[in-house]
Amino acid sequence: MTAFTVWKFDGPDGADKAASVLKGCERDGLVKILDHAVVSWPEGDSHPTTKQGHEESWRGTGWGALWGVLLGALFFVPVIGGVAGAAIGAISKVTQDSGITKDQLQKIRTEVTPGTSALFAVTEQGDLDRVGERFHGMHSKLIDTNLTDAERQVLLETFGGR
């Protein structure tokens, strides 16, 4: 099963570290990363920086395009009431086929703030218990995922998310 997951980290460099850990997990056969993106928002900056993974070069093109639209609408459109709402409404039309809802987008927008970072990952074939061992103690919070409630609970227990 393919999973879209967003993890928030307490500091602006946490998601970069987590992405490295996730790539190590893939090298060891614990998970298959389809693509990922890192959002880092240092305190005092007006907007975050973003990096897209594009796993296996151009295989990630479809997700890369999604990251560009998704991250642009979430973090680079002004946060002025109606403008932000319209941007999230428009992007939710694009993301609904991939299982990402408008409510999820709004939650991500409010959770990722200056002084934090986030790892956006699209994975499959994951051994959550073993991957979770490597993420233990990274001060993360699961913002959202399209996993079932049972899978989400395993993820939270395994990764120690709040």
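Helices (H or I, at least four residues) and strands (E, at least two) are DSSP runs numbered from the N terminus. The model is predicted: local features need pLDDT of at least 70, side-chain atom pairs count only at pLDDT 80 or more, and totals for chains, interfaces and linings use all residues. Residues are numbered from 1 along each chain as its sequence is written, and side-chain values use heavy atoms, with hydrogens and water left out.

View A. Helix α1 comprises 14 residues (residues 14-27). Among the buried residues of α1 are Ala15, Ala18, Ala19, Leu22 and Cys25; buried denotes under 20% relative accessible area, exposed over 50%, and partly exposed in between (1.4 Å probe, protein chains only). Glycine 29 follows α1 and has a positive phi, near 80°.

**View B. Serine 40 in strand β2.** Serine 40 belongs to strand β2 and counts as buried because its relative accessibility is 12%. Its side chain reaches the backbone oxygen of proline 12 at 2.5 Å. With neighbours within four places in sequence left aside, serine 40 is in contact (heavy atoms within 4.5 Å) with Pro12, Pro48, Thr49, Thr116 and Ser117.

**View C. Serine 46 in the loop between β2 and β3.** Serine 46 is located between β2 (32-41) and β3 (49-52). This serine 46 counts as exposed because its relative accessibility is 66%. From C-alpha to C-alpha, serine 46 and proline 114 are 8.1 Å apart in space, while 68 residues apart in sequence.

Notes: Expected span 1.5 Å × (residues − 1). Polar contact = N/O pair within 3.5 Å; in protein donor to acceptor, adjacent residues only side chain to side chain.
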